Amino acid sequence: MVISIKKICCIGAGYVGGPTMAVMSFKCPEVLINVVDVNQERIDAWNSEDLSKLPIYEPGLKEIVGKTRDKNLFFSTRIKESIENADMIFISVNTPTKKKGLGAGKASDLKWVETSAREVAKFSKGHTIVVEKSTLPVRTAEVIQKILKSAEKESKKQIKSFSVLSNPEFLAEGTAINDLLNPDRVLIGGDNKEAMSSLSQIYKKWVSENKILFTNIWSSELAKLTSNAFLAQRISSINSISSICEVTGADIREVSRSIGKDTRIGSKFLDSGPGFGGSCFKKDILNLVYLAEYFGLKDVAKFWESVVEMNNWHQKRIAEKVVQKLFGTLANKKIIILGFSFKANTNDTRESAAINICKDLINEGANLIIHDPKVSPTQIENDLRIKQSNSFELNEITYKKDQGNWQFSRNLDKFDNAHAVLILTEWEDFKNINWIDAARKMVSPAWVFDSRSIVNPIKVKEAGLNLWRLGDGIQNDN
Ligand SMILES: NC(=O)c1ccc[n+]([C@@H]2O[C@H](COP(=O)([O-])OP(=O)(O)OC[C@H]3O[C@@H](n4cnc5c(N)ncnc54)[C@H](O)[C@@H]3O)[C@@H](O)[C@H]2O)c1
């Protein structure tokens with residue numbers, strides 16, 4: 001029997017759980033959605049009256065939350081009660097790479113998923129459809145099913161029963177709301193036709209039927225990992241070509257445009273940048289590597305691991321280029337870092353290329369002024385594991401140690417006495433910098449390093465600044 005879903009619980013109020021449920025509540029006003037999390041601070045932020053204080057920045061998110069919150073969308077830490085009342089439960093908790101034990105460094109840590117499944121097993125009532133929204137290694141549904149089955153057996157008079165589905169999320173941070181409103185596809189994996197139909201009824205409220213794909217549960221789990229692996233592979237591929245452009249006199253923007261016209265290749269994901277970041281690409285590829293190794297497919301594992309290795313090499317190469325251009329030393333030099341989030345339009349810094357690049361520059365003795373429109377200085381401090389300095393003045397470098405330091409600036413006008421500007425995130429504001437004004441304040445000779453191809457090279461050069469752009473074998477100053 002196809003159950004019409006009236007009450008949903010989403011476990012995990014993160015970058016996926018929050019926006020996904022906000023859009024679902026907006027499109028399904030008749031469904032009551034409870035988003036629960038163990039993190040009280042995060043829940044408080046989701047409930048803040050001032051919508052600009054939501055824990056996640058995504059264009060369009062606060063407008064949707066403003067329309068549905070406290071109507072049919074609720075954020076709380078009431079996990080037991082929300083599970084008890086739900087017909088359908090989305091598990092949307094974090095699945096980071098394991099730090100220790102078997103599979104450390106590659107396999108996903110499933111402890112949050114397991115805890116969630118145990119909570120569902122314990123508190124649910126009647127028949128519940130459990131949906132894997134988190135990205136999970138292939139055959140994780142089996143683990144969830146086993147935990148839930150034991151609860152079914154224990155429950156007297158069959159008062160509990162479950163169906164498990166996989167419904168991976170394909171949103172990209174920075175465009176999450178648009179991706180959720182207009183998905184390329186919705187993937188539903190499972191073997192229970194009724195449960196699959198119940199979930200599809202929800203999506204059908206705003207997604208056309210031909211975009212809803214049904215697969216078996218293992219294909220659905222593997223499709224998500226594969227999708228991220230393919231996207232990351234494209235980034236490593238184009239970044240590897242950018243280094244060839246620089247030594248041969250080719251230009252990566254021209255190469256990308258030319259190959260992107262080939263309909264077999266397509267034009268998306270062909271922008272060379274400082275290397276992929278975000279919480280998913282690296283973790284999901286490493287997960288795939290672990291899976292291949294586990295099944296004895298060594299060459300397959302090696303192939304996918306090289307995508308991550310290329311990304312690491314590429315990030316190092318950018319920091320090295322800065323050192324090389326600034327006469328081999330950064331000691332007591334001031335460098336303006338523009339952008340710390342892993343991409344524009346998000347405050348997420350997980351695995352951001354900026355983390356390793358800034359650490360390398362600080363190790364070389366640089367004093368960094370880090371500017372980002374949405375990332376907080378506390379987050380940067382956590383990522384760099386170096387406290388923000390208050391001991392070097394903005395106008396006068398007084399820092400005289402081998403190890404450099406950093407300060408945060410929310411304003412985009414701190415170019416005084418800077419030796420270089422390094423653009424790491426493609427925020428719109430950075431396209432409109434007045435380079436003549438900036439050059440007046442900087443020391444001479446000064447450099448602009450553009451890892452995102454967003455500056456106008458002519459304007460930078462007319463301002464008397466040296467320019468290095470990623471993959472530019474034609475214009476780069478030597
Ligand atoms: N961030 C993305 O762009 C993205 C895109 C697609 C898929 N995914 C996948 O979605 C999943 C979630 O990612 P995210 O970025 O939202 O993670 P996140 O870390 O932002 O959020 C996860 C939330 O789950 C909460 N949580 C953990 N265990 C819990 C429990 N037992 N009960 C209640 N709450 C619990 C955490 O406190 C946290 O707030 C991951 O598997 C990720 O790979 C992420």
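I will speak about confidence, the nonpolar cores, one surface patch, some backbone features and the salt bridges.

Let me begin with confidence. What you see is a predicted model. The mean pLDDT of the chain is 94, and 96% of the residues reach 70 or more. Residues 394-399 call for caution, as their pLDDT is below 50. Beyond near neighbours in sequence, that stretch has 21 contacts in the model.

I turn now to the interior. In soluble globular proteins, nonpolar side chains tend to be buried together. The largest nonpolar core here holds 41 residues. Which of its residues touch the most other members? They are Ile8, Met21, Met24, Met88, Phe90 and Tyr203. Helix H8, residues 193-203, supplies the largest share of this core, namely five residues. A second, separate core has 32 residues, among them Ile335, Ala353, Ile362 and Leu470.

Leaving aside residues up to four places away in sequence, isoleucine 8 touches Met21, Met24, Val31, Leu32, Ile33, Asn34, Ala86, Met88, Phe90 and Ile202. Two of these names, Met21 and Met24, lead us to helix H1, where both are buried. Helix H1 spans residues 17-27 and is mostly covered, with nine of its eleven residues buried. Its buried residues also include Gly17, Pro19 and Ser25.

Next, the surface. Tyr294, Phe295, Leu297 and Val300 make a nonpolar patch of about 440 Å². Leucine 297 sits in the loop between helix H11 (281-294) and helix H12 (298-325). Leucine 297 counts as partly exposed because its relative accessibility is 44%, between the limits of 20% for buried and 50% for exposed.

I come to the backbone. Most residues other than glycine have a negative phi, and most peptide bonds are trans. Where does this model show a cis peptide bond? The bond runs from serine 444 to proline 445, with omega near 0°. Proline 445 lies in the loop between helix H15 (435-441) and strand S13 (447-450).

Arginine 385, although not a glycine, has a positive phi of about 55°. This arginine is placed in the loop between helix H14 (377-384) and strand S11 (405-409). Is arginine 385 buried or exposed? Arginine 385 is exposed, since its relative accessible area is 74%.

Glutamate 351 also has a positive phi, of about 60°, without being a glycine. Its place is in the loop between strand S9 (334-338) and helix H13 (353-363). At 40% relative accessibility, glutamate 351 counts as partly exposed.

Lysine 282 forms one with glutamate 351, and the closest N and O atoms are 3.6 Å apart. This pair links distant parts of the chain: lysine 282 is in helix H11, glutamate 351 is in the loop between S9 and H13, and they are 69 residues apart. Lysine 282 is partly exposed, with a relative accessible area of 28%.

Two further pairs may be mentioned. Arginine 139 and glutamate 142 meet through their side chains at 3.1 Å, N to O, in a salt bridge. Aspartate 413 and lysine 414 form another, at 3.6 Å. Finally, salt bridges that share partners join Asp251, Arg253, Arg469 and Asp472 into one network.

That concludes my presentation.

Note on methods:
Residues are numbered from 1 along each chain as its sequence is written. This is a predicted model: local features need pLDDT of at least 70, side-chain atom pairs count only at pLDDT 80 or more; totals for chains, interfaces and linings use all residues. Side-chain values use heavy atoms; hydrogens and water are left out. pLDDT is the predictor's confidence in each residue, from 0 to 100. Contact means heavy atoms within 4.5 Å. A nonpolar core is a set of buried Ala, Val, Leu, Ile, Met, Phe, Trp, Tyr and Cys residues joined through side-chain atoms within 4.5 Å. Buried means under 20% relative accessible area, exposed over 50%, partly exposed in between (1.4 Å probe, protein chains only). Helices (H or I, at least four residues) and strands (E, at least two) are DSSP runs, numbered from the N terminus. Patches are made of residues with over 30% relative accessible area and no salt bridge: like charges are joined within 9 Å, nonpolar side chains (Val, Leu, Ile, Met, Phe, Trp, Tyr) within 5 Å. Accessible areas come from the Shrake-Rupley method with a 1.4 Å probe; for residues, only the protein chains shown count as cover. A salt bridge is a side-chain nitrogen of Lys or Arg within 4 Å of a carboxyl oxygen of Asp or Glu.
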